[in-house]
Amino acid sequence: MRIDGSESQQVTTLPLAGYHNYGDGFCWSPDGGQLLYSHYNQLYRINRNGAGMTQLAIAPEEYHFKAVDWSGVNDKVVVQAVSTDIGDTKMYLMNKDGSGWDPLLDSVSGRIECPSFSIDGKRVLFTQDVSGFASETGHQLDARIFTIDLASRNMVDISVDKPEGFNDLNPHFSPNGARIVFKHTSNEENALKEIWVMDRDGQNRQRLFINAEMPEW
């Protein structure tokens, strides 16, 4: 649809669905002409007018695809696969045509969510609950934002000033890569959601909105 909400158009016929997929398993192509989206254990590419649907990948056995992002620098795709256990997550890099699978995170303890590329395509943002708490419903107690360097595979915690008892979630880089926008919320059930921003090193945290979620630049 247009930015004012007019002229909405259905793009997909197969729904965004799968294990713990809440309708957020899609992303734009770098040029805005296509979308990637997840349908159970399958990852599809489709033109924004709904034509040209192509299956790119099938998830590992007993896993479904969830979140996905497409880098405009190196034409790489990062995709999350999750099992029936919401804490059992894998992340892969692949080429835009679905070839060249490269395990990025595997057998990591704590719920993993929301992978997205840095502007230069050299790092991936994601969140991880480091509390050690396991919940069948996916409730998180200490979700923090990390970056992983794609060359060295070094991980850095950038939720350095997050207070105890809160979660940082759904991070994305700003268009110039200098800042990160994210959701911040208490770890209590049904707590109020807020949108915050911070520098890419985790400094200068600022609240933008209350009673809001799913931020994007």
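Okay, one definition before we start: when I say contact, I mean heavy atoms within 4.5 Å. And keep in mind that this is a predicted model.

With that in hand, let's go to Ser-174, which sits in the loop between β13 and β14. Leaving aside its neighbours within four places in sequence, Ser-174 is in contact with Ile-119, Arg-179 and Trp-217. Ser-174 is buried, at a relative accessible area of 3%. There's also a polar atom on the Ser-174 side chain that lies 3.3 Å from the backbone nitrogen of Ala-178.

β13 covers residues 166–173, and seven of its eight residues are buried, so the rest of the structure largely encloses it. β14, residues 179–186, runs antiparallel to β13, and six bridges join the two. Together the strands make a hairpin with five residues between them, and Gly-177 in the turn has a positive phi of about 80 degrees.

Speaking of phi: most residues other than glycine have a negative one. Two residues here go the other way. His-20, in the segment before β1, has a phi near 55 degrees. Asn-190, in the loop between β14 and β15, has a positive phi of about 60 degrees. Which of these is buried and which is exposed? His-20 is the buried one, with a relative accessible area of 18%, while Asn-190 counts as exposed at 76%.

Last topic, salt bridges. How many does the structure hold? There are 13. Let me walk through some of them.

Asp-102 and Arg-153 meet through their side chains, at 2.6 Å, N to O. Asp-102 is in strand β8 and Arg-153 is in the loop between β11 and β12, so this pair ties together parts that are 51 residues apart in sequence. Asp-102 is partly exposed at 28%, and Arg-153 is partly exposed as well, at 29%.

Next, Asp-142 and Lys-162, with their closest N and O atoms 2.7 Å apart. This pair links the loop between β10 and β11 to the loop between β12 and β13, 20 residues apart. Lys-162 is buried, at 9%. Both residues belong to a salt-bridge network that also takes in Arg-144 and Asp-157.

Technical notes
Residues numbered from 1 in each chain as written. Predicted model: local features only at pLDDT ≥ 70, side-chain atom pairs only at ≥ 80, totals over all residues. Heavy atoms only, no water. Buried < 20%, exposed > 50% of the residue type's maximum accessible area, 1.4 Å probe, protein only. Helix = DSSP H or I, 4+ residues; strand = E, 2+ residues; numbered from the N terminus. Pairing = 2+ DSSP bridges. Polar contact = N/O pair within 3.5 Å; in protein donor to acceptor, adjacent residues only side chain to side chain. Salt bridge = Lys/Arg side-chain N within 4 Å of Asp/Glu carboxyl O.
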